[in-house]
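Subject: Structure for you to look at

Hello,

I am passing on the structure we talked about. Please open it and keep it beside this email while you read.

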Amino acid sequence: MRSIGKKTTVAVASTLALLSTAACGSDKGPAEGEREPLGKAELSSAVLAQGDVPGYTISDESDRNSDRSSRAANKSCQPIVAAMIPATAAFKGRVVLRSIVQTPKASERPDASYQLVLSSAESESAARQAVQDLRSAISACGSGFNATLSGEEYKIRRAVANKSDAGDNRVDFSVEYQMGAKIRYVLVQNGASLTRLSASNQFANKFVAVPSKIVEAQQQKLDEVNT
């Protein structure tokens, strides 16, 4: 995750970048009619790679995605933290991360950046439950909560659902820190997999929308692996 200023780990926040509230689970097979959770190698094949989305540069940053200690002070707010930092809830540590920026033209520097995290829940039903839990947490904790994120104490000023026609399997929401950082997220369930995309500008001082082109490209690639 990239930092904002000296202390903010974002996409927290990745960054401020899913997610089942259970960090581990059993080895039972999937329920009848459910798809198997993807393994780490399958996730690596299913996540977007350079060249998959025209106009964007995609880089592998999975080695920065190992934190599993982040916690909300109030347990009811933990699904928000799990969506912000998916490694805290990934089944058996199955999680991969990509950073994405719009490919700049000569002499231009992209202002917005995005973080994509693809993770596995214990089962398809657990992934669906993660989406429901996130909606409930936003409703319960929307006015703010305290959390320890990657070893640092933070005050989340607000977490709000954004208006969108996302559907039952996704949540579009925004998080604002007490110190002013603003991050927007989209969480999508596809089988037992959870995709979390976060968006922020260079200084995280205003909300930036997650490009639908990236969301759709990731879901299409997951569909190909799941069929």
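Below is what was found in it, starting with the whole chain and ending with two single residues.

Please keep in mind that this is a predicted model.

**The chain as a whole**

The chain has 227 residues, and 54% of them are buried. It folds into four helices and eleven strands.

Nine strands make up an open sheet with antiparallel pairing. If you walk across it, the order is β3-β5-β6-β11-β10-β9-β8-β7-β4. The edges are β3 (56-60) and β4 (71-72), each of which pairs on one side only.

Strand β3 is joined to β5 by five bridges, and the two run antiparallel.

Tyrosine 114 has alanine 199 in β11 as its bridge partner.

Helix α3 lies across β7, β8, β9, β10 and β11, and runs at about 40 degrees to β9. Helix α4 (residues 212-226) lies across β3, β5 (95-102), β6, β9, β10 and β11. The angle between α4 and β10 is about 25 degrees.

**The nonpolar cores**

In soluble globular proteins, nonpolar side chains tend to be buried together. What does the largest nonpolar core here consist of? It has 32 residues, and those with the most contacts inside it are Ile80, Met84, Phe145, Phe173 and Val175. Two or more residues each come from α2 (78-84), α3 (124-141), β7 (145-149), β8 (152-161), β9 (170-177) and β10 (182-190). Helix α3 gives the largest share, eight residues.

There is also a second, separate core, with 24 residues. Leu48, Leu116, Ala217 and Leu222 are among them.

**Aromatic pairs**

The structure holds three aromatic pairs, and two of them are described here.

One is formed by tyrosine 56 and tyrosine 114, with an edge-to-face arrangement: the ring centres are 6.3 Å apart and there are 65 degrees between the planes. Tyrosine 56 is in strand β3 and tyrosine 114 is in strand β6, so the pair ties together parts that lie 58 residues apart in sequence. Both of these tyrosines are buried.

Another is formed by phenylalanine 173 and tyrosine 185. Why does this pair count as stacked? The ring centres are 5.0 Å apart and the planes are at 15 degrees, and planes under 30 degrees apart count as stacked. Phenylalanine 173 belongs to β9 and tyrosine 185 to β10, so this pair ties together parts that are twelve residues apart in sequence. Phenylalanine 173 is buried, with a relative accessible area of 0%. Tyrosine 185 is buried as well, also with a relative accessible area of 0%. Phe173 has already come up above, as one of the residues with the most contacts inside the largest core.

**Two residues in loops**

Finally, look at the backbone of two residues. Lysine 92 is not a glycine, yet its phi is positive, near 55 degrees. It is found in the loop between α2 and β5. Its relative accessibility is 48%, so lysine 92 counts as partly exposed.

Serine 150 also has a positive phi without being a glycine, at about 50 degrees. This serine sits in the loop between β7 and β8. Is serine 150 buried or partly exposed? It is partly exposed, because its relative accessible area is 29% and buried means under 20%.

Regards

Key:
Residues are numbered from 1 along each chain as its sequence is written. This is a predicted model: local features need pLDDT of at least 70, side-chain atom pairs count only at pLDDT 80 or more; totals for chains, interfaces and linings use all residues. Side-chain values use heavy atoms; hydrogens and water are left out. A nonpolar core is a set of buried Ala, Val, Leu, Ile, Met, Phe, Trp, Tyr and Cys residues joined through side-chain atoms within 4.5 Å. Buried means under 20% relative accessible area, exposed over 50%, partly exposed in between (1.4 Å probe, protein chains only). Two strands pair if DSSP finds at least two bridges between them. Contact means heavy atoms within 4.5 Å. Axes are lines fitted to C-alpha atoms, for helices over the stretch in contact, and angles run from 0 to 180 degrees between N-to-C directions. Rings of Phe, Tyr and Trp (its six-membered ring) pair if their centres lie within 6.5 Å; planes under 30 degrees apart count as stacked, over 60 as edge-to-face and the rest as tilted.
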